[in-house]
Amino acid sequence: DGRIDYAGAKMAPVLNCYVRHDGRLLVLKRSDKVSFLKGRWHVIAGYLDEVKTVEDKAIEELGEETGILRAQVSSVRLYEPYLAHSHSTEWEVYPVLIDVRTMDVTLDWEHSAYAWIGAEEIDDYNLEPNIERYAKKFFG
């Protein structure tokens with residue numbers, strides 16, 4: 001379908017989308033149907049595997065994973081990428097903060113649950129360290 005296949009790659013570019021509404025962040029529990037981090041709480045994520053801007057890919061992933069469409073997005077902010085290592089892969093991670101006008105979420109197959117959390121709840125979700133570090137920046 002024209003996308004780049006990063007299966008088995010030693011390095012892959014990905015985005016992590018932090019979705020915020022009225023000072024709360026959206027966290028999603030990864031389903032048992034995904035290949036990575038099954039059952040863990042995370043944010044919207046996806047490979048940068050097409051020739052698209054990071055912003056366009058983030059909006060696409062937001063729609064696919066939550067049903068929230070571009071019309072419900074009030075702002076998108078891109079942050080400097082960083083490198084992370086796990087499962088013998090080096091990830092070039094592009095953090096994106098998306099403010100939305102709705103809390104209505106329709107999950108796809110990648111997630112089994114979701115929650116809109118406040119800063120005081122972040123420790124209850126056992127997020128990956130890099131995910132938690134960025135999430136803490138985005139409350140308020």
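For my notes, contact means heavy atoms within 4.5 Å. I keep in mind that this is a predicted model, in which local features need pLDDT of at least 70 and side-chain atom pairs count only at pLDDT 80 or more, while totals for chains, interfaces and linings use all residues. Residues are numbered from 1 along each chain as its sequence is written, and side-chain values use heavy atoms, with hydrogens and water left out.

I looked up Ile 117 and, setting aside its neighbours within four places in sequence, found it in contact with Gly 23, Arg 24, Leu 25, Val 27, Ile 122, Tyr 125 and Phe 139.

Next I turned to the nonpolar cores, each a set of buried (under 20% relative accessible area, 1.4 Å probe, protein chains only) Ala, Val, Leu, Ile, Met, Phe, Trp, Tyr and Cys residues joined through side-chain atoms within 4.5 Å. The largest has 23 residues, and those touching the most other members are Tyr 18, Val 27, Ile 117, Tyr 125, Leu 127 and Phe 138. Another core, of 18 residues, lies apart from it and includes Leu 15, Cys 17, Val 54 and Leu 62.

Which residues have a positive phi without being glycine? I noted Asp 22, at about 50°, and Asn 126, at about 45°. Asp 22 is exposed (over 50% relative accessible area), with a value of 70%, and Asn 126 is exposed too, with 54%.
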